[in-house]
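User: Could we go through this structure together, step by step?

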Amino acid sequence: MQTIQSKILFEKAQNLIPGGVNSPVRAFKSVGGTPIFMQSGRGAYLYDEDGNRYVELINSWGPMILGHANPIIEKAIGEAIAKSFSFGAPTRREVEMAELIISMMPSIEKIRMVNSGTEATMAAIRVARGFTGRNKILKFEGCYHGHADSFLIAAGSGAITTGVPDSAGVTAGVAQDTLTAPFNDFEAVKTLIEANENQIAALILEPVVGNMGCVLPENGFLEKIRKICTEKGIVLIFDEVMTGFRLARGGAQEIFGIKPDLTTLGKIIGGGLPVGAYGGRKEIMDCVSPVGKVYQAGTLSGNPVAMAAGFAMLTHLNENPTIYQDLTKITTQITEGLRKGLDKRGLKYTMNQIGSMFTLFFTDQKVTNLASAKTSDLGLFGKYFHSMLSKGVYLAPSQFESMFVSTAISAEDIRHITEAHEASLTEILG
Ligand SMILES: *Cc1c(COP(=O)(O)O)cnc(C)c1O
């Protein structure tokens with residue numbers, strides 16, 4: 001497979017854009033090599049600048065759940081564009097969008113649209129702070145909530161330590177208000193909450209984690225979190241930017257039967273266009289300006305073209321709930337195909353899957369948190385990634401990411417993925 005155009009473009013891009021990319025993980029830094037520059041996408045496939053075809057297992061990190069250039073979304077975008085690209089005034093579609101989301105996710109009583117997942121989580125913790133009058137937030141090691149300062153905090157050496165910034169440019173002042181615990185470790189959460197009595201405004205988590213690879217909550221973990229947040233007056237925020245409308249019509253909260261106080265959304269909600277949202281209990285959301293004292297605004301928020309794309313996407317998912325069973329079936333066929341090849345060679349691995357999200361970890365340990373995810377053999381992953389790429393399968397270019405399967409994947413594509421996997425294992429293991 002020739003990727004000359006990608007190499008030329010990457011060369012040029014590095015002089016013009018930091019690292020040649022507009023979001024770091026795209027740079028292939030953790031797997032090495034040159035990122036592939038894409039030209040178009042259709043259904044289950046991406047086509048690069050050299051005309052190579054790839055079967056998609058990332059789908060723009062989640063949003064393209066119906067595959068690329070889905071005609072339903074395309075039509076909605078076309079119709080919206082004909083009426084203006086932006087109004088900066090309220091529209092009927094925003095009301096319909098709010099109504100639809102609230103009907104799909106009953107824990108949301110009021111909702112505000114923004115332009116990205118980052119904006120949604122940033123606003124959600126501001127609202128939680130405004131509502132509670134408290135300063136601190138509690139998050140989990142390995143959970144990603146966008147790039148706002150408060151979330152770029154590493155766990156440090158132990159669960160009981162206060163945050164240390166993970167990124168240059170985040171002040172110690174901000175970091176000290178972010179507490180971190182290992183995922184699935186309720187005892188650590190309890191200890192932190194007791195040590196910071198009446199100081200924690202919000203506990204935020206990905207109910208199913210996608211951002212350290214796919215990691216599931218252990219039995220009872222979310223229930224215990226819900227209970228202690230209620231007891232201690234802490235606003236529980238489910239960051240469903242990734243899982244919302246991906247794992248079920250009503251997100252992970254529907255699957256696990258837990259009602260958070262606030263929910264943040266993004267990715268699928270925009271049908272591929274830049275959209276985010278946050279919403280939840282009425283009395284908390286009524287803290288938001290212009291009703292309440294928490295300021296949050298956006299020139300392009302509720303943009304008519306983005307709303308049209310998102311509304312078409314959510315309407316389709318809402319009206320075809322069997323999509324989620326179909327997606328689980330397709331994804332399980334993929335993961336079973338992968339397992340077969342791995343088992344045959346006696347390679348140690350862990351496969352985490354829920355619905356249409358999965359990660360193959362190159363480790364013999366059970367992966368339940370960041371520390372166990374980090375036991376993976378990253379060198380082996382890098383080789384595997386490149387081997388699959390050269391065989392036309394587009395995986396996430398990092399061990400610590402989830403795959404996202406779309407409805408566009410056919411039996412033929414699954415066969416292609418399985419065969420590429422077998423050939424890749426032979427290539428890297430000999
Ligand atoms: C992607 C993601 C975000 C950030 O969303 P952006 O649109 O990239 O700003 C936040 N939280 C979770 C769980 C995500 O997966």
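This is a predicted model: local features need pLDDT of at least 70, side-chain atom pairs count only at pLDDT 80 or more; totals for chains, interfaces and linings use all residues.

User: Good. Which residues are around the ligand?

Analyst: The shell around the ligand consists of S116, G117, T118, Y144, H145, G146, E206, N211, D239, V241, M242 and K267.

User: And how many of them are nonpolar, polar or charged?

Analyst: By class, three residues of the shell are nonpolar, six are polar and three are charged.

User: What about T118, how far is its side chain from the ligand?

Analyst: An N or O atom in the side chain of T118 is 2.6 Å from an oxygen atom of the ligand. For K267, a polar side-chain atom likewise lies 2.6 Å from a ligand oxygen.

User: Which part of G117 is involved, backbone or side chain?

Analyst: In G117 it is a polar backbone atom, 2.9 Å from an oxygen atom of the ligand.

User: So how much of the ligand's accessible area does the protein cover?

Analyst: On its own, the ligand has 380 Å² of accessible area, and the protein covers 83% of that.

User: New topic: at what angle do helix 13 and helix 14 pack?

Analyst: Helix 13, residues 378-390, packs against helix 14, residues 411-429, at an angle of about 130 degrees. Their axes are 9 Å apart.

User: What is that arrangement called, and why?

Analyst: Helix 13 is described as oblique to helix 14 because of that angle. An angle over 145 degrees would count as roughly antiparallel, and 65 to 115 as roughly perpendicular.

User: Is the crossing left-handed or right-handed?

Analyst: The crossing of helix 13 past helix 14 is right-handed.

User: Now the backbone. Is the peptide bond from S289 to P290 cis or trans?

Analyst: The bond between S289 and P290 is cis, and its omega is near 10 degrees. P290 is placed in the loop between helix 9 (282-285) and helix 10 (304-319).

User: Last one: what is phi of N59, and where is N59 found?

Analyst: Phi of N59 is near 55 degrees, which is a positive value in a residue other than glycine. N59 belongs to the loop between strand 3 (53-56) and helix 2 (71-81).

Key. Residues are numbered from 1 along each chain as its sequence is written. Side-chain values use heavy atoms; hydrogens and water are left out. A residue is near a molecule or strand if one of its heavy atoms lies within 4 Å of it. A polar contact is a pair of N or O atoms within 3.5 Å; within protein, one must be able to donate a hydrogen and the other to accept it, and residues adjacent in sequence count only if both atoms are side-chain atoms. Accessible areas come from the Shrake-Rupley method with a 1.4 Å probe; for residues, only the protein chains shown count as cover. Ala, Val, Leu, Ile, Met, Phe, Trp, Tyr, Cys and Pro count as nonpolar, Asp, Glu, Lys and Arg as charged, and the others, Gly among them, as polar. Axes are lines fitted to C-alpha atoms, for helices over the stretch in contact, and angles run from 0 to 180 degrees between N-to-C directions. Helices (H or I, at least four residues) and strands (E, at least two) are DSSP runs, numbered from the N terminus. Angles under 35 degrees count as roughly parallel, over 145 as roughly antiparallel, 65 to 115 as roughly perpendicular and the rest as oblique. A crossing is left-handed if the near helix is turned anticlockwise from the far one by less than a right angle, and right-handed if clockwise.
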